[in-house]
Amino acid sequence: MEQPLMPRESGQYVAERSRDVFVDEEGVKKVAEMLYMLRDSEAFTATGWKMMNPLAPSPDTDEAINWVFVTDTMNFSFWPDREDQQCEVNYRGTTYRGYMSLCAAITRAMDEGVPITDPAHFSQMSEADLARILRSDNDTPMPMLKERHEALTEAGRVLLQHGGSFRSFISHGQNDAEKMVRYIVDNIPSYRDEATFEGKRISFYKRAQILVADFWGIMQARGEGNIPNLDYLTMFADYRVPQALVYLEALRYSDALMEALKKGELLSSGERREVEIRGCSIWCVEKIKNHLWQLVRERDGKSCDINSALIDFYLWPYAKQHHGEMAHVPIHHTHCIYY
């Protein structure tokens, strides 16, 4: 079987053939201008990782590295069938939903003495054990428990075959972002986020890329240096960042797609419209990054080190923070293990 295009090339390929999703050049420039004004803010520094992951163990501990692996391996499909029926996890006086409910549940389990970050433990965990760890504090359970259990135990067995820790496993990527992503998707099937579009195999590798970016964030926070070739990473194609891009007018949906999403139509993983949303989002952020780099070069006379991963790390919480203002922009919904 032919090798799929990697995420950046996939984004361009999809954007050039898309029928319902379009990158808006003027909107791209507007977002780049917004980011230019924020170019020196803490959001684009190494300390930003801990700000985005407040429930993670201290980056100074090796436990934090395995914590990232556990959370990223189960980081998919948190959206509820109804907005008022979300899984909730209460931790230290705060109620968490969505992805943060997963983070809270894992950290809660650590507090309770469960060795949830140890591959020797989670590779053999029963589905009932995981259900206990991911238990909800309301009547809505953590969605897709069976799929999360399968992904976690499978990934744990792979780590045990590669030295018994995520750091040992990822060392096979030779400290290079591209090689790390390829090694993850070659060895852990649940990270193999691929599709076929217009007769071509393409890839998004959302969770594999965010796993590498999170590993980089921890290494930066620990003062252990950079990962070469980090600009290889694209944005992490999910459902929240596309909403922000549409809201910011950098991405545009056709009337037909907008109407379908407003009606709550479920898009299946790999279908044309779902692929167009994800692929065009990748290419949109690439264009934003390139224009931002141009602005910094022309106005500041220097190169810019804000990459696509950092732009994603800014846009995802931006979408959460502006949830009310962008409520009129529908989020696409897809049940799958990839995002």
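Aspartate 62 and arginine 222 form a salt bridge, with their closest N and O atoms 3.1 Å apart. A salt bridge here is a side-chain nitrogen of Lys or Arg within 4 Å of a carboxyl oxygen of Asp or Glu. This is a predicted model, so to speak of local features a pLDDT of at least 70 is needed, side-chain atom pairs count only at pLDDT 80 or more, and totals for chains, interfaces and linings use all residues. Residues are numbered from 1 along each chain as its sequence is written, and side-chain values use heavy atoms, with hydrogens and water left out.

**Salt bridges**

- Helices (H or I, at least four residues) and strands (E, at least two) are DSSP runs, numbered from the N terminus.
- Is arginine 222 buried or exposed? Arginine 222 counts as buried because its relative accessibility is 17%, where buried means under 20% relative accessible area, exposed means over 50%, and partly exposed is in between (1.4 Å probe, protein chains only).
- Another salt bridge joins the side chains of arginine 108 and aspartate 137, at 3.3 Å from N to O.
- That pair also links distant parts of the chain, 29 residues apart, with arginine 108 in helix α5 (residues 99-111) and aspartate 137 in the loop between α7 (127-133) and α8 (145-160).
- Arginine 108 is buried at 6% relative accessibility, while aspartate 137 is partly exposed at 37%.
- Arginine 272 and glutamate 276 meet in a salt bridge too, 3.0 Å from N to O.
- These two sit about one helical turn from each other, because they are 4 residues apart in helix α14 (residues 272-300).
- Arginine 272 is partly exposed at 26% relative accessibility, and glutamate 276 is buried at 0%.
- Salt bridges with shared partners tie Asp62, Arg167, Arg222 and Glu224 into one network.
- How many salt bridges turn up in a search of the whole structure? That search finds 25.

**Cysteines**

- The disulfide count is 0, going by the rule that a disulfide is a pair of cysteine sulfur atoms within 2.5 Å.
- Cysteine 336 is in no disulfide either, as the nearest cysteine sulfur, that of cysteine 280, is 17 Å away.
- Cysteine 280 is buried at 0% relative accessibility, and cysteine 336 is buried at 7%.

**The largest pocket**

- Rolling a probe the size of a water molecule over the atoms shows where empty space is left.
- The largest pocket holds about 960 Å³ of space.
- On a 1 Å grid over the protein atoms alone, a pocket is an open set of points where a 1.4 Å probe fits, with protein on both sides within 12 Å along at least five of seven lines, and lining residues have an atom within 4 Å of a point.
- There are 40 lining residues, and those closest to the pocket's centre are Trp79, Tyr239, Arg240, Lys320 and Ile331.
- Helices α11 (206-221), α12 (240-247), α13 (255-262) and α15 (308-321) each give at least two residues to the lining, and α15 has the largest share, with 4 residues.
- The lining splits into 18 nonpolar, 9 polar and 13 charged residues.

- Strands β4 (residues 194-197) and β5 (residues 200-203) run antiparallel and are joined by 4 bridges; two strands pair if DSSP finds at least two bridges between them.
- Phenylalanine 197 stands opposite lysine 200 in β5.
- Most residues other than glycine have a negative phi.
- Glutamine 174 has a positive phi near 55°, lies in the loop between α9 (166-170) and α10 (177-187), and is exposed at 55% relative accessibility.
- Asparagine 175 has a positive phi of about 55°, lies in the loop between α9 and α10, and is partly exposed at 38%.

Notes:
Points joined across faces, edges and corners; volume = space filled by probe spheres on them. Nonpolar A, V, L, I, M, F, W, Y, C, P; charged D, E, K, R; others polar.
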